[in-house]
Amino acid sequence: MATQFEHIKLAQTLPPRLLKFFARFPPVIRPTTTSIETSINTSSADPNADHTESTHQTSLAPSDMPNPFKPHKHPETGRWHDPVYSFRRQADLVKLAKDNGVDDLLPFTFKGSQERTKRREEHGLRVKGTGIGQKVKGKIWERTMKGRLQQRKQAMLDMPAMVQKWKQLGHGRGWKKFPK
């Protein structure tokens, strides 16, 4: 009874959007307990005399309602129906549920935190140039900046020799190395 009281208290603290969602699409809880009892009496002449076999299985079947986060096919017409909640609204519900600690009760969605972490592990960041040995394309001035800075640095290092040569040739007579 205490767990039921705790669930009621938790439901009272949820925001109205989550309450409305869980009222419309209640979470499916699937506790499964399986126990098999078999006793066979071989001393009797009748083979069915004391033969007891019972199978006990408790499982709440998933509701007839399809997942509101996925498109589904209508059973009679065969037409596809859009999901009840768009990706944006799914993300909002997942954020709300995560803030309130009930994100495990939501149906499967690609916006769920488990699915997002799984996808991040599989695919990484997926930003071009962030991998090992990759470069971001960039603008042309960004791509050529490194070479220009090296060229400028080399020109500054060679400047005293160039000034000396300029003075020796007579201030520009016969000078062929005008900077571009």
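The expected span of a helix is 1.5 Å times one less than its number of residues. Bearing in mind that this is a predicted model, select helix H5, residues 140-169, which has 30 residues. The end C-alpha atoms of H5 are only 38 Å apart, whereas a straight helix would reach 44 Å at 1.5 Å a residue. Next, select Met 159 in H5, where a kink of about 50° lies shortly before the proline Pro 160. Then go on to Gly 170, which follows H5 and has a positive phi, near 95°.

Now turn to the charged side chains. Select Lys 95, Lys 98, Arg 116, Arg 119 and Arg 126, which form a positive surface patch. Helix H3 (87-100) and helix H4 (113-123) are the elements that each give two or more residues to this patch, and Arg 119 is found in helix H4.

Finally, select Asp 92 and Arg 88, whose side chains meet in a salt bridge at 3.8 Å, N to O. Because these two residues are four residues apart in helix H3, Asp 92 and Arg 88 are separated by about one helical turn. The structure holds two salt bridges.

How values were computed
Residues numbered from 1 in each chain as written. Predicted model: local features only at pLDDT ≥ 70, side-chain atom pairs only at ≥ 80, totals over all residues. Heavy atoms only, no water. Bend = angle between axes of the 7 residues up to and from the residue. Patch = residues over 30% accessible without salt bridge, like charges linked within 9 Å, V, L, I, M, F, W, Y side chains within 5 Å. Areas by Shrake-Rupley, 256 points an atom, 1.4 Å probe, with all protein chains shown as cover. Salt bridge = Lys/Arg side-chain N within 4 Å of Asp/Glu carboxyl O. Lys, Arg positive; Asp, Glu negative; His and termini not counted. Charge placed at Lys NZ, Arg CZ, Asp CG, Glu CD.
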